[in-house]
Amino acid sequence: MPELVGALDTTVLVDHGTFDLLDDGGPQHPAADGLGPARWLGTGANAVTVYSPAAWSHVGGLRLEVWDGPPPPEDTWADRQEGAARFDSGLVEVNPLVDGGEDEESLEVEPGAYGVRAYVAGRAELLAIQDEPDADLDGIERYLVQLWPV
């Protein structure tokens with residue numbers, strides 16, 4: 001039975017419809033072309049990009065997990081997508097290009113190839129209120145991103 005070996009609970013700024021998990025240990029190629037409502041997860045070399053259909057920047061909840069094998073499926077989320085990524089240094093940073101600064105959050109993994117499974121919830125609720133004046137969009141959209149070595 002696979003076991004959880006690390007986790008990070010945080011928030012992430014979804015800016016211009018995306019956020020990234022990046023490893024600066026090598027060139028970053030997230031395969032983000034064609035991201036949209038149907039294909040909202042882009043994965044590749046040193047990068048994972050998640051797309052949001054919201055028209056406005058907002059803060060979403062994020063849980064990033066590292067497992068020692070493929071985790072059991074979660075059935076309480078609205079949508080799920082999968083991909084594969086490679087992390088050259090093993091330091092996976094949350095949105096370093098947007099949040100910037102010296103205190104970006106990160107999670108360490110062993111360098112190498114990983115399976116990626118991402119879940120999202122709250123999209124319908126976010127889209128339903130995003131155009132309302134004075135709507136607070138923060139915290140409505142939530143993500144779970146799981147990584148495991150392959």
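This is a predicted model: local features need pLDDT of at least 70, side-chain atom pairs count only at pLDDT 80 or more; totals for chains, interfaces and linings use all residues.

Next I asked how the two rings sit. The ring centres of Phe19 and Tyr143 are 4.8 Å apart and the planes meet at 65°, so I logged the pair as edge-to-face; over 60 degrees is the cut-off for that label. I then checked where the partners come from. Phe19 is in strand β2 (residues 18–22) and Tyr143 is in strand β10 (residues 142–149), so this pair ties together parts 124 residues apart in sequence.

Then I moved on to Phe87 and Tyr114. Their ring centres are 5.7 Å apart with planes at 55°, so this pair goes down as tilted. It also links distant parts of the chain, with Phe87 in strand β6 (residues 79–87) and Tyr114 in strand β9 (residues 112–121), 27 residues apart. Phe87 and Tyr114 are buried too. My search of the whole structure gave three aromatic pairs.

I also looked for a charge over a ring. Arg123 lies over the face of Trp40, 5.0 Å from the ring centre.

Last stop, the core. Which residues have the most contacts inside the largest nonpolar core? I got Leu21 and Leu147, in a core of 27 residues. Several strands supply at least two residues each, including β1 (4–14), β5 (58–67) and β10. The largest share, four residues, comes from β9.

Skipping its neighbours within four places in sequence, I found Leu21 in contact with residues including Val48, Leu62, Leu64, Val92 and Val145.

Technical notes: Residues are numbered from 1 along each chain as its sequence is written. Side-chain values use heavy atoms; hydrogens and water are left out. Rings of Phe, Tyr and Trp (its six-membered ring) pair if their centres lie within 6.5 Å; planes under 30 degrees apart count as stacked, over 60 as edge-to-face and the rest as tilted. Buried means under 20% relative accessible area, exposed over 50%, partly exposed in between (1.4 Å probe, protein chains only). A charge sits over a ring if NZ of Lys or CZ of Arg is within 6 Å of the ring centre and within 35 degrees of the ring normal. A nonpolar core is a set of buried Ala, Val, Leu, Ile, Met, Phe, Trp, Tyr and Cys residues joined through side-chain atoms within 4.5 Å. Contact means heavy atoms within 4.5 Å.
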